Amino acid sequence: MLISIGAPVLIVILIVVGFVVVKANQKPVAATGSPSTALDAAAAKSLGSIPAATFDTVGAGSGVSAPTAVTGAALTADGKPRVVYIGAEYCPFCAAQRWAVVAALSRFGTFTGLGATTSSSIDSYPSTATVSFHGATYTSSLLSFTGVEETTNIPVDASDISKGYTPLETPTAADQALVTTYDSQTGSIPFVDFGNKYVTIGASYLPTALKGLTQTQIIADLQNPGSDVAKGALGAANMMTAVLCKMTGNQPAAACSSTAVTSQKLPA
């Protein structure tokens, strides 16, 4: 009887011990990363010239989170309303948000020098293809834009991700104060301040639809209003465009009078 009772228990113990031994001998997954490279010129041109009809067809999109209305002194630069983005290249939610930010701001001006990168290979939504604001410039007669990428996607120590990612850019004290003021509880990224009228904290839509796609494929999908990429990124961009139009006095009319923008319901 003792043997018949003890055998199953012994088997369970051996299985548990086996799992412990295997776990002890497993090496942690090493993170990989690489410096951002220049976004392909044709891809950049396509990204900056998404047709108005495509935005209108997408409308509110799907799974888009509303921004938060804030009250503060007008945020400006060179006499123009200012948008401040703070994120990092390793961050998968930043990866998603940048597509929407670029799509929206491209209706008011022009980006040059955008980079191509991916989010961390071991974070949630690993290796999500995206653009980078590091080294990029934005030209507009209506708006000013500052994009800060705090770190790369390259780990300080590939075997110990708790040490973080290699530093890239540092927000000014004034820009960091915006995060402290409007995101004091979490300090989450991406953080976007739209002229101290609205802020977004975290991605305005989930990166799910971007999984496994390259920058070129994502940009192609942004031209297709029926794609999940467009429904997320352009839906968020339409929301951001409505915010930006409030900042510019509804200029340019081509963007601000579009049905996808005028139908947006922004928080008061």
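The exercises below treat a helix, a disulfide and aromatic pairs.

This is a predicted model, in which local features need pLDDT of at least 70 and side-chain atom pairs count only at pLDDT 80 or more, while totals for chains, interfaces and linings use all residues. Residues are numbered from 1 along each chain as its sequence is written, and side-chain values use heavy atoms, with hydrogens and water left out.

**Exercise 1.** Describe the span and the burial of helix α7.

Solution. Step one: helices (H or I, at least four residues) and strands (E, at least two) are DSSP runs, numbered from the N terminus. Helix α7 covers residues 228-248, 21 residues in total. Step two: the expected span is 1.5 Å times one less than the number of residues. From first C-alpha to last, α7 reaches 30 Å, close to the 30 Å expected. Step three: buried means under 20% relative accessible area, exposed over 50%, and partly exposed in between (1.4 Å probe, protein chains only). Of the 21 residues in α7, 18 are buried, and the helix is thus mostly covered. Step four: G249 follows α7 and has a positive phi, near 70°.

**Exercise 2.** Find the disulfide and state its handedness.

Solution. Step one: a disulfide is a pair of cysteine sulfur atoms within 2.5 Å. Step three: the torsion about the S-S bond of C245 and C256 is about -95°, so the disulfide is left-handed. Both cysteines, C245 and C256, are buried.

**Exercise 3.** Classify the aromatic pair of Y90 and Y165, then that of F111 and Y138.

Solution. Step one: rings of Phe, Tyr and Trp (its six-membered ring) pair if their centres lie within 6.5 Å; planes under 30 degrees apart count as stacked, over 60 as edge-to-face and the rest as tilted. The structure holds 8 aromatic pairs. Step two: Y90 and Y165 are 4.5 Å apart centre to centre with 5° between the planes, and the pair is stacked. Y90 lies in the loop between β4 (80-87) and α4 (92-105) and Y165 in strand β11 (residues 165-167), so the pair ties together parts 75 residues apart in sequence. Step three: F111 and Y138 form a tilted pair, 4.8 Å centre to centre, with 45° between the planes. F111 belongs to strand β5 (residues 110-112) and Y138 to strand β8 (residues 137-139), 27 residues apart. Both F111 and Y138 are buried.
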